[in-house]
Amino acid sequence: MNSVGRFIAGRVSTILDNSISPSTLRFYSSQSPPLSSSKLFVAGLSWSVDEKSLKDAFSSFGNVSEVRIMYDKETGRSRGFGFVHFSNENEAMSAKDAMDGKALLGRPLRISFALEKVRGVPVIVPRLPHT
C-alpha cells in the first residue's frame, strides 16, 4: 500500500474508532473550505474582465490587496476565473455575500472562499449534519 493509501486507511480507522460513520465523509483533493478566509474564488468572468475592472468591482467592500485572473497559456485568453484577496475576513465575507450571483460585464459571478492548493494527498472532510 502506498503512502496515500496508508494515510487514508489511518484516517478512516481513526474516524471509525471515534464512532463517526464513513458514509458521512467526502473526499477532496484539496483542503477543506476554511470557516473564514480573506481570499475569494471568483468564477464566471467575462473574457473582457481584467484585473483593474475586477479590483474596481470589489474595492467598495474593503481593501483589496491582490487580484489574479487565470489565463490560458496558449491563447492568452482568460480562463473565466480568478482570485480576489482582501485585507481581512469580514471584508471578504461582505463581498462574497453581496457579489455572488451579480452580473459583471454581462455575466453572473459565482463566488466562494478559495481553497488552498494541496498536492498529492487527499483530505477527508466530514459532512456537517443538516439542521
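Tutor: First a definition: a charge sits over a ring if NZ of Lys or CZ of Arg is within 6 Å of the ring centre and within 35 degrees of the ring normal. Lys39 lies over the face of Phe83, 4.9 Å from the ring centre. This is a predicted model: local features need pLDDT of at least 70, side-chain atom pairs count only at pLDDT 80 or more, and totals for chains, interfaces and linings use all residues. Residues are numbered from 1 along each chain as its sequence is written, and side-chain values use heavy atoms, leaving out hydrogens and water.

Student: What lies over the face of Trp47?
Tutor: Arg77, at 3.6 Å from the ring centre.

Student: Ok, ring pairs. How many aromatic pairs are there in the whole structure?
Tutor: A search finds 4. Rings of Phe, Tyr and Trp (its six-membered ring) pair if their centres lie within 6.5 Å; planes under 30 degrees apart count as stacked, over 60 as edge-to-face and the rest as tilted. Phe41 and Phe81 are a tilted pair, because their centres are 5.6 Å apart and their planes at 40°.

Student: Which residues do ring pairs link into a cluster?
Tutor: Phe41, Phe81 and Phe83.

Student: New topic. Is Ile69 buried or exposed?
Tutor: Buried, because its relative accessibility is 5%; buried means under 20% relative accessible area, exposed over 50%, partly exposed in between (1.4 Å probe, protein chains only).

Student: And how far is Ile69 from Leu45?
Tutor: They are 24 residues apart in sequence and 8.9 Å apart in space, C-alpha to C-alpha.
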